[in-house]
Amino acid sequence: EEEHHEQLDTIISSGAKLKEIIESLSNVENFQSGAASIRMMKFSLPNLIKQSIDAFQEKAKARKISFHTDIKHPNLLLEGDAEKIGIALGNLIKNAVSFTSEGGHVFIVMEQIPGYAKVAIIDDGIGIAAKDLPHVFERFYQAESHLTRQHGGMGLGLSVAKVMIELHGGKIWAESIPGKGSQFAFLLPLDRDQVNAAERVFQN
């Protein structure tokens, strides 16, 4: 009945959030235990970036946040697990949108450097305090500020993004200026040989 629609929406929303938390914890645990695996296939990184942006267009438009992309190599193919890299991209874009003020901007830049693809997600949001910056990829870590608590979350998204990138032998890092915005960037090896070499380094 009409009177129950709001309650049902709340139940569905809460269930989706719980599912996301469980999947995030599982991804991190599998990586730490060595049980995680990746399915290597050639895929278009520019197309994956576009799909990831499209998934958050509605949320961004509701807060008058605009996306801007600079894809310097539109035909770049990457060898890796597109689903897992998509999870990392989605979490980083979601984070940027969540912490950007109404009317702000999120920039996604993709380029190729020798042996690697580099992606940067840049926002002009609230930024991250210097004391919090070294910890943002830690599981359950949340910066202690009313602004962070206001945006909710469990402090899992960035740790999952880190896991997905490192599974591919990549590297992820963050830079920020409080009050002016943040940049989250990652490098991914272009081919299977580089990924396998990186996996051997992690295992040792």
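**A close look at the model**

Tutor: Lys64 is found in the loop between α3 (57-62) and β2 (66-71); helices (H or I, at least four residues) and strands (E, at least two) are DSSP runs, numbered from the N terminus. The phi of Lys64 is near 55°, a positive value in a residue other than glycine. Lys64 counts as exposed because its relative accessible area is 58%; exposed means over 50%, buried under 20%, and partly exposed in between, with a 1.4 Å probe and protein chains only.

The model is predicted, with local features requiring pLDDT of at least 70 and side-chain atom pairs pLDDT 80 or more, whereas totals for chains, interfaces and linings use all residues. Residues are numbered from 1 along each chain as its sequence is written, and side-chain values use heavy atoms, leaving out hydrogens and water.

The part to examine closely is strand β7. Of its 9 residues, 9 are buried. Both faces are covered: Gly181, Gln183, Ala185, Leu187 and Pro189 lie on one side, with Ser182, Phe184, Phe186 and Leu188 on the other. Strand β7 runs antiparallel to β5, to which 8 bridges join it; two strands pair if DSSP finds at least two bridges between them. Within this pairing, Ile122 stands opposite Gln183. Strand β6 is also antiparallel to β7, joined by 7 bridges, and here Ala174 stands opposite Phe184. The hairpin of β6 and β7 has 3 residues between the strands, and Gly179 takes a positive phi near 85° in it.

On the β6 side, Ser176 deserves attention. Ser176 belongs to strand β6 (residues 171-177) and counts as buried because its relative accessibility is 18%. A polar atom of the Ser176 side chain lies 2.7 Å from the backbone nitrogen of Ile128, and a polar atom of that side chain lies 3.0 Å from the backbone oxygen of Gly181. Leaving aside neighbours within four places in sequence, Ser176 is in contact (heavy atoms within 4.5 Å) with Gly127, Ile128, Leu133, Gly181 and Ser182.

A search of the whole structure finds 1 aromatic pair; rings of Phe, Tyr and Trp (its six-membered ring) pair if their centres lie within 6.5 Å, and planes under 30 degrees apart count as stacked, over 60 as edge-to-face and the rest as tilted. The rings of Phe137 and Phe184 have centres 5.9 Å apart and planes at 85°, so the pair is edge-to-face. Because Phe137 lies in the loop between β5 (116-123) and α5 (146-150) and Phe184 in β7 (residues 181-189), the pair ties together parts that are 47 residues apart in sequence. Both phenylalanines, Phe137 and Phe184, are buried.

Charged side chains complete the account. The structure holds 7 salt bridges, a salt bridge being a side-chain nitrogen of Lys or Arg within 4 Å of a carboxyl oxygen of Asp or Glu. One of them joins Asp132 to Lys131, the closest N and O atoms being 3.3 Å apart. Asp132 is buried because its relative accessible area is 5%, whereas Lys131, at 57%, counts as exposed. Another joins Glu166 and Lys162 (2.9 Å, N to O). These two residues are 4 apart in helix α6 (residues 157-167), so about one helical turn separates Glu166 from Lys162. At 16% relative accessibility, Glu166 counts as buried, while Lys162, at 28%, counts as partly exposed.

Note on methods: A polar contact is a pair of N or O atoms within 3.5 Å; within protein, one must be able to donate a hydrogen and the other to accept it, and residues adjacent in sequence count only if both atoms are side-chain atoms.
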